[in-house]
Amino acid sequence: MVARIALRPFLRVLNRARRTRSWEELKSLLVDRIFPVRTSGSKDPNPLPPRLFQMATGYWISQAIYVAAKLGIADLLEDGPQSSAMLAAATQSDAPSLYRLLRALSSIGVLSQVDGDRFSLSRLGSPLRSNVPGSLRAIVITIGEIHYQACGELLHSVQTGAPVFNQAFGTNLFEYLQQNTEAAGAFNRGMTNLACLLAHAVVLAYDFSGITSIVDVGGGEGELLTKILELYPETSGIVFDLGNTFGSSERTVSTAERCSYVAGNFFDSVPEKADAYLLCGVIHDWSDDRAVVILKNCRKAMAQNGRVLILEMIVPTARSASFSKILDLNMMVMNGGRERTKSEFHALLAAADLRVTRIVSTLAPQSIIEAIPK
Ligand SMILES: C[S@@+](CC[C@H](N)C(=O)[O-])C[C@H]1O[C@@H](n2cnc3c(N)ncnc32)[C@H](O)[C@@H]1O
């Protein structure tokens, strides 16, 4: 069934969510999809500058959001409005400058200016809190720190075809993260933010019944796999990653004995004989040549009736707007990776002796690309 929500998984997820903390997460996903946040039309007395100029200055906004995330402003506003003076004292910031940051963020709906000097959290800004379902704080911080700097070298990537992360940081992305525990912590937590959002969409769309073992290849902190194992008590799994992602992983008691963490390099090999090899946000990190090596290793390792499940956005071939086309630029600068169209996924998988069986869209921007041996 090709659907955003499949009936059997939906009933399983609802049943589980009623009994566990995951109801709050599920609710926030469904509410965001059904009632997306719309920023109110502004009453700016000044005429707007040209649209192109607004786009070109987009990084003013992205850095303002980053600074608010880094300072933990949303957490400080969790219990109600606060003055900028109090927020400045709590974050050791310069009060007049912080006021201007908060005013700017209020003007675009990320915060609300309650009265002269007091600010509150808006629905749009709520995911900047740390420990809430759908939190985006960690990913905003890692984007504002490492992705932002790499993007500053986009010109070089476009002129040479090479990733520029090295230019900015002196080594490639994953080596840099291996060597920098603090940056790795922020990156891994950021990936987990995104995996949390995606996990519910995946389990609502895809029926994992009958799959007894899963390897989450490049599985980071293991958020997605944990969510699947919570819903499928007969399934066990392995989070396979470089190893620096495991430290901060939280395993729930119910899945701990069915979920193990194995460190290794997916360019050498991946754990053998699983029914399914999940690759969430992994293939788009790499060029075609490198991605084929990872997929070949999954193909070589899988059980007889094995499959790979790639979770990625699909670039539409239509000339329409799509977030995937912008994300593609980020992949270009960060690690020489790319977003792909359907036919590019077919070709990539074919090069690894795999055949696409179906592509399942989800409530999230990512689809599930299922493939089996040719
Ligand atoms: C973009 S993150 C995705 C993480 C996770 N799948 C998720 O969605 O949250 C890519 C992951 O690939 C891992 N990785 C990168 N190079 C690797 C390698 N050579 N072998 C194993 N894992 C690797 C990284 O450590 C990171 O956790």
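Me: Where is the place of Q92?
Reply: Q92 sits in the loop between α6 (84–91) and α7. Helices are DSSP runs of H or I with at least four residues, strands are E runs of at least two, and both are numbered from the N terminus.

Me: Before I go on, what kind of model is this, and how are residues numbered?
Reply: This is a predicted model, in which local features need pLDDT of at least 70, side-chain atom pairs count only at pLDDT 80 or more, and totals for chains, interfaces and linings use all residues. Residues are numbered from 1 along each chain as its sequence is written.

Me: Back to Q92: buried or exposed?
Reply: Q92 is exposed, because 7 other C-beta atoms lie within 10 Å. The cut-offs are 20 or more such atoms within 10 Å for buried, 12 or fewer for exposed, and partly exposed in between, with C-beta atoms placed from the backbone.

Me: What is phi of Q92?
Reply: It is near 50°, a positive value in a residue other than glycine. D353 also has a positive phi, near 65°.

Me: Where is D353, then?
Reply: D353 is in the loop between α17 (342–351) and β9 (354–361). D353 counts as partly exposed because 14 other C-beta atoms lie within 10 Å.

Me: Which strands does α7 lie across?
Reply: Helix α7 (residues 95–107) lies across β2 and β3, at about 110° to β2. The axes behind that angle are lines fitted to C-alpha atoms, for helices over the stretch in contact, and angles run from 0 to 180 degrees between N-to-C directions. Contact here is C-beta atoms, placed from the backbone, within 7 Å.

Me: In what order do the strands of that open sheet come?
Reply: The order is β1-β3-β2, three strands with antiparallel pairing. The edges are β1 (82–83) and β2 (111–115), each pairing on one side only. Pairing requires at least two DSSP bridges between two strands.

Me: How many bridges between β2 and β3?
Reply: Four, with β3 covering residues 118–121. The two strands make a hairpin with two residues between them, and D115 stands opposite R118 in β3.

Me: What about β7 and β8, parallel or antiparallel?
Reply: Parallel, joined by five bridges. L278 stands opposite L309 in β8. Five of the six residues of β8 (residues 307–312) are buried, so that strand is largely enclosed by the rest of the structure.

Me: Where does G264 lie?
Reply: G264 is in the loop between β6 (259–263) and β7 (276–280). Leaving out residues up to four places away in sequence, G264 touches F240 and S269. G243 is 21 residues from G264 in sequence, and their C-alpha atoms are 7.1 Å apart.

Conventions: Contact = placed C-beta atoms within 7 Å.
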